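The text then turns to the nonpolar cores.

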Amino acid sequence: MALSCWRPACRAALGRALGAGAEQSRAGSGRLSSLSRGFATAAPGLHQLTSPSFGFLFDIDGVLLRGRLVIPAAKKAFQKLTNVKGHFRVPVAFVTNAGNCSRDSKAEELTEALGFKVSPEWVILSHSPLRLFHQLHDKCVLVCGQGPVEQNARDLGFQHVLTIEDIRKAFPLLDMVDQKRRPKELPPPTIDFPTIEGIILLGEPVRWETCLQLIIDVLLSNGNPGVELASAPYPHIPIVACNMDLLWMAEAKMPRFGHGTFLVCLENIYKKMTGKELKYEALLGKPSTVTYRYAEHVLKQQMESCGWSFPLRQLYAIGDNPMADIYGANLYHRYLQTQAEVSVTAMAAESEKHLETQRDCSISVSSAKNCHSILVCTGVYNPHGDIPTDPEDILKTLSHGHRDFHFDPSLVEASYVVNDVNDAVELVFQKENWKQG
């Protein structure tokens, strides 16, 4: 397959099955019809003689890489996107829901895989927008995940950071599932342990039983693990979760558990123990709108540094996961049609407190007019998989998104479905009348 995009028969069946359920949502969204109009009205001419007015948002796992393996089409795509010096011809950002690493390490990984220098400034991890959460930066927070979680939190602006391991060492009697890790002697009581004022979930941790137990302990003790209260405090201390992906694609033939699976466990354990819903201060990472707004900001900074004078008008988000990449891109396109102020929570406010938080952490008005979603078939999405035809069955099958994001079936349908990332790049160049030379 070269320049042409394709829509598998199973996707057509999916569109028909979604028809009845999607009609109500389409009425107020101006979604895919607007996307088609955005393509149809792309400014003609050879933009490269001046500057590009479009940019790419690339997912990584399932689009560029499968675990540690490079997808061959990725190298072909970036030969088109870069010149002989390895510099981008058009603005590019890498938007991933990975969060158990630093921007520097992810940039190094991409540099080695793709064969040209990738700057950390071009990499957007699921937790990158936490830089905007100034209201939490001076509080004592518990961070959970794997990799350099403490350093990541400090790099994001948090000044007082505790880890799951810090709680384990201070309160060894709390971690009791693994019998080999139970203390043989009763330890002395811990004193002067700081009160935890917030919880930051950066990504899926290891030893889920330990993390689930200790996070629940922190919530039920109002930030004072080891202290028993007469009743569970509610509302509980603030929680921010990054990366809601239920599944992700690595070298294995089938998708693997993601951080979203860990969140499902945490939410249900908390509700089972308290009878109340776990509430989040914010949910970050795709499909959160703020992640795409932050990505657009990165593209605009890149354009300024390259001296490209045209305003950024068209975004092309390329991904393999319908419920994260495609849903998020279409949701951001819907936002662009309204040009409302974006909040860092990327969620509907339910209280005056949330409204105030949103105003304090908003970022500048977008210049983009459209965000086009392009789905590739090299990752989570399987064009030959069994697609249910009943709308209710589709909701059950496809709705892998987080419980706090209302599932709109119309937002799962990509603007375009192509075979791989190289075809996606060629498609965009064709739509933008952009010459590769």
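**A helix and what surrounds it**

What covers the buried residues of helix 14 includes strand 1 (54–58), helix 3 (72–81), strand 13 (314–319), strand 14 (370–376) and strand 15 (416–418). Here helices (H or I, at least four residues) and strands (E, at least two) are DSSP runs, numbered from the N terminus. The model is predicted: local features need pLDDT of at least 70, side-chain atom pairs count only at pLDDT 80 or more, and totals for chains, interfaces and linings use all residues. Residues are numbered from 1 along each chain as its sequence is written, and side-chain values use heavy atoms, with hydrogens and water left out.

Nine of the eleven residues of helix 14 (residues 421–431) are buried, so this helix is largely enclosed by the rest of the structure. Buried means under 20% relative accessible area (1.4 Å probe, protein chains only). Among the buried residues are Val-421, Asn-422, Val-425 and Phe-429. After helix 14 comes Asn-433, with a positive phi near 55°.

The largest nonpolar core has 40 residues, and Phe-56, Phe-58, Leu-64, Phe-78 and Phe-94 have the most contacts inside it. Such a core is a set of buried Ala, Val, Leu, Ile, Met, Phe, Trp, Tyr and Cys residues joined through side-chain atoms within 4.5 Å. Helix 14 gives the most to this core, with six residues. Phe-58 touches residues including Leu-64, Phe-78, Ile-318, Val-421 and Val-425, not counting residues up to four places away in sequence; contact means heavy atoms within 4.5 Å. A second, separate core of 38 residues includes Cys-144, Met-244, Leu-283 and Tyr-327.

Conventions
Buried means under 20% relative accessible area, exposed over 50%, partly exposed in between (1.4 Å probe, protein chains only).
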